[in-house]
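Colleague: I am new to this structure. Could you show it to me and let me ask how the terms are applied?

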Amino acid sequence: CVLDMDIHRNEPKVERHDKLPNTKGWRGAEITVTVGGNWTTYRGKVLSYFQQLAVITPYASLKLRFHGAPPDAKPASSSVKEAAQRNLEVHYVRRSDAIPDEPTEVKYHPSSVDNLLVSQLLLATKAQSLAK
């Protein structure tokens, strides 16, 4: 699948959906994300994010791979060797087989509501009045 996220509605927009044969009876989802950026600057932040994600999702197995050099690069050049030395693989194994119940939507906490949020909610609603 190729998805685009609508961050205002918190909904995915499916660009392309492909079904692959499941000959091994495998269950779950595998997600691959390609991100461009400065790895040397943000490496610590990405690793910290994955650590936090592993803590809050004990029912998931997470694997992070960073490849400093493209797979088709010639290993003879010194820059490719240096990039290959920066390769990284981190694997957080599943710690639980129990998946929690689906979360329910809750109202906004009064301390987190500001004028910008109120104006966005007013623009997004189709109601004619705020009273129920």
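Modeller: Here a residue counts as lining a pocket if it has an atom within 4 Å of a point of that pocket. Keep in mind that this is a predicted model.

Colleague: Which residues of the lining lie nearest the centre of the largest pocket?

Modeller: They are Glu 30, Ile 31, Thr 32, Val 33 and Lys 63, out of 43 lining residues. The volume of this pocket is about 2,200 Å³. Two or more lining residues come from each of β1 (2-6), α1 (39-56) and β3 (62-66). The largest share, six residues, belongs to α1.

Colleague: How do the residues of that lining divide into nonpolar, polar and charged?

Modeller: There are 23 nonpolar, twelve polar and eight charged residues. Gly is counted with the polar ones.

Colleague: Why are β1 and β2 called paired strands?

Modeller: Pairing needs at least two bridges. Five bridges join β1 to β2 (residues 11-16), so the two strands count as paired. They run antiparallel. Val 2 stands opposite Arg 16, and Leu 3 has Val 14 as its bridge partner. The hairpin has four residues between the strands, and Asn 10 in this hairpin takes a positive phi near 55 degrees.

Colleague: What makes the nonpolar surface patch of about 570 Å²?

Modeller: Its members are Tyr 108, Val 113, Val 118, Leu 121, Leu 122 and Leu 130. A patch takes residues with over 30% relative accessible area and joins nonpolar side chains within 5 Å, so these six residues meet that rule. Tyr 108 sits in the loop between β4 (88-92) and α3 (115-124).

Key
Residues are numbered from 1 along each chain as its sequence is written. This is a predicted model: local features need pLDDT of at least 70, side-chain atom pairs count only at pLDDT 80 or more; totals for chains, interfaces and linings use all residues. Side-chain values use heavy atoms; hydrogens and water are left out. On a 1 Å grid over the protein atoms alone, a cavity is a set of points where a 1.4 Å probe fits but cannot get out, and a pocket is an open set with protein on both sides within 12 Å along at least five of seven lines; lining residues have an atom within 4 Å of a point. Grid points are joined across faces, edges and corners, and a volume is the space filled by probe spheres set on the points. Patches are made of residues with over 30% relative accessible area and no salt bridge: like charges are joined within 9 Å, nonpolar side chains (Val, Leu, Ile, Met, Phe, Trp, Tyr) within 5 Å. Accessible areas come from the Shrake-Rupley method with a 1.4 Å probe; for residues, only the protein chains shown count as cover. A salt bridge is a side-chain nitrogen of Lys or Arg within 4 Å of a carboxyl oxygen of Asp or Glu.
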